[in-house]
Structures are given as C-alpha cells and as structure tokens.
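Student: Could you walk me through this one? I'd like to start with the charged side chains and then move on to something else.

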Amino acid sequence: MIMTSELTKLSQEIRAGNRAAIGRAITLVESKRTDHEDRAQELLSDLLPFTGKARRIGITGVPGAGKSTMIEALGKKLTAGGHKVAVLAVDPTSQRTGGSILGDKTRMSSLAADTGAFIRPSPAGATLGGVARRTRETMLICEAAGFDVVIVETVGIGQSETAVASMVDFFAVLMVAGGGDELQGIKRGVLEIADLIVITKADGGNEDAARRAAGEYRAALSILSPANPSWRPEVCAISALEDVGLDTLWQTVGRYYDTMRDEGALEDRRSEQHVSWMWSLLNDQFDAIVRRHEATRGEIASLESLVRKGEITPTAAVRWVFKLLRLDRE
Ligand SMILES: Nc1nc2c(ncn2[C@@H]2O[C@H](COP(=O)(O)OP(=O)(O)O)[C@@H](O)[C@H]2O)c(=O)[nH]1
Ligand SMILES: [Mg+2]
C-alpha cells in the first residue's frame, strides 16, 4: 500500500523528471488492483495541473511502413534541439503476439539510449479500451515530467487508430509508395482522421513513386470534406534513412499548432476528447458492472445464448438487464 505522503513524494519526483519515479507511476497506472487504481487516480489529480503543455502526436501505419525508423530519426533531431520526447505505443495485439513493440524498442535503440527520450511499450490489456486508458494516463505522467513532445504510435489494426487519434492533437498516417493502386492499402476511415499523410522511404530510386503517391493522396484528400474546419490535411514525402523531409514534417506540425491555437481550436479538440473519454470510461465501467453485479452476472450467459439463437432480440436482452438492475423505470 502506498501512503499519501509517498504519493506526494512520487509526484514531486515525477515533476523533477526522475525516471525511476516515472516508471513507478506508470506501473501504478497499469496495475489492475483496485487499491492501485485509487492511488493512481490520486496521483493523476495531483499531476493534472502540470500536464497539457506537450505536443501530442499520433502515428499509425501498417507494419513495415517505417514508423519506428521515422520516430527514431525525428526523435533524435528533436532531442538534439533540446526537446524531451516520450514515445508510447498502443498495440492491442502485443499480448497475443508476445510483444511486437519490444522488437521496436530494440530497433529504436539509439533513441532509447538518449537521455532526452523515454520509450514505453504498449501496456498489456485485454481490451483496446483498457490499453487506451493506460496510455492516456501515461501521457499525462510524461507531460508532468516535462516531456514536451509525446508520440503515440499504433499499428493500423482494428480500431486502434481511432483510439489514438482521440488522444492526440495531430494524427499522422504513414504510407509506403509502391506499385499498383496507392489507395488500396489504406482504410478510408483512416484518411478521414489524418492531419498529415507521410509517404515514407522516398529514397534509393523510389523518389518518383513517392511523389506520384503524394499527388494521389492530395487528390483523394481534396474531395473529402475536412473533419477539422481549421486544418486541411497535408501530404509529404520523407526518407528517414537519408534524412529527407523530416525538418519540413516538423515545420508542418509547428504550423498546425500555430493555426489551431490562433483559432482556439486546439483547446476545443482537447475538451471534446476529454468528454468522449469520460463517456468511454463510463461505458467500460457500466459493462463491467453488468458482468459482475449479483443481479445480472448469473443471467449473462443465458441471455447471450438466447440472442445467439435468435430467440430474443438484443434490445429485449438489454431491457431485461435493465430490469434486473432496476434501471428500467427511468
Ligand atoms: N529505404 C528506406 N527504408 C526504410 C526507411 N524507413 C524504414 N525503412 C525500412 O523499412 C523496414 C520497416 O521499417 P520500420 O521502421 O521497422 O517499420 P514499422 O513496422 O512501421 O515500425 C525496415 O527494414 C527499415 O529499415 C526509409 O526512409 N528508407
Ligand atoms: Mg515498428
């Protein structure tokens, strides 16, 4: 059990940038023990006034798109320029595949060894919602510890892009140019939430293909109605290996923040994210209550079975659950 005085000390150490303290706090946030959850919330409330000053950047792309290589190259430039960079991963598959992000950490070895950088693999968690919550809270801890750039990386699997886009200010989608229909490999929904499309590996004879792909994405984006009225998504081509386009990319990020701040849109985006975060927590909690509550837990399996066989409708099952919880009179 961690006592309040210890939490105060932990909070102070985090704000001083103490790495061991950051690690302990993240362990607390990732713990599934109820007493740890209470402590974690107490700690986060204490840290909250010191958060929010970082640039929160999300990055997605299929495996092999060049995420790790770009994050390492960009991260090293940023730390050389005096920034403190935290890299967090959201990987709902890491548990099943035995930790794919660990391989990434090895690949980002020179950034990992950088004193201005902090790399954290994806927390193990059964649900994407659980992983996302822990990542958001880890982001707050890193911000309180003085990291001014937080990069959240995800593989383009399931709903993980949406989860990451809903916790960052700026969302970049990495694509590799390579023969055929350039737009094949991307889910349309991802294009709609991107603030920037990055064509990677524009080097070694691949420059023309990258330029063509960039043109096609620009055309595709121009016919989508912008999700963000303050910012039109952009497209750039980079080579992380040859350091081409990374400075321009970071300037684009800077321009994004200037524009969003001028229009008060950054604050709006974050406020909306907080509200939808609240609702997704509430959904998760309600789900957990229904599964654990003594009035309902014995009924779930048979309700699922009846719904599966088509003997009752899902709506009828939900009404029954509400009746059992005595919530049906609202
Ligand atoms: N030619 C070239 N290869 C790259 C570049 N960036 C990444 N790669 C290679 O592409 C492969 C996948 O890169 P990686 O960063 O691990 O992709 P991730 O799975 O998205 O993290 C590796 O073999 C990299 O060396 C680049 O800018 N140019
Ligand atoms: Mg990687």
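Tutor: Let us begin with Asp 243, which counts as partly exposed because its relative accessibility is 40%. Please keep in mind that this is a predicted model.

Student: OK, and what does Asp 243 form a salt bridge with?
Tutor: Asp 243 pairs with Lys 77, and the closest N and O atoms of the two are 3.1 Å apart. Asp 243 sits in the loop between strand 7 and helix 12, while Lys 77 belongs to helix 4, so the pair ties together parts that are 166 residues apart in sequence.

Student: Is Lys 77 buried, exposed or partly exposed?
Tutor: Lys 77 counts as partly exposed, because its relative accessibility is 28%.

Student: Which residue does Glu 234 meet in a salt bridge?
Tutor: The side chain of Glu 234 meets that of Arg 255, at 2.8 Å from N to O. Since Glu 234 lies in strand 7 and Arg 255 in helix 12, this pair ties together parts that are 21 residues apart in sequence.

Student: And how far apart in helix 13 are Asp 287 and Arg 291?
Tutor: They are four residues apart in that helix, which means that about one helical turn separates Asp 287 from Arg 291. Their side chains form a salt bridge with an N to O distance of 2.6 Å.

Student: How many salt bridges are there in the whole structure?
Tutor: A search of the whole structure finds 16.

Student: Switching topic, how many disulfides does the structure hold?
Tutor: It holds zero disulfides. As for individual cysteines, Cys 142 counts as buried because its relative accessibility is 0%, and Cys 236 also counts as buried, at 12%.

Conventions
Residues numbered from 1 in each chain as written. Chains lettered and ligands numbered in written order. Predicted model: local features only at pLDDT ≥ 70, side-chain atom pairs only at ≥ 80, totals over all residues. Heavy atoms only, no water. Disulfide = S-S within 2.5 Å. Buried < 20%, exposed > 50% of the residue type's maximum accessible area, 1.4 Å probe, protein only. Salt bridge = Lys/Arg side-chain N within 4 Å of Asp/Glu carboxyl O. Helix = DSSP H or I, 4+ residues; strand = E, 2+ residues; numbered from the N terminus.
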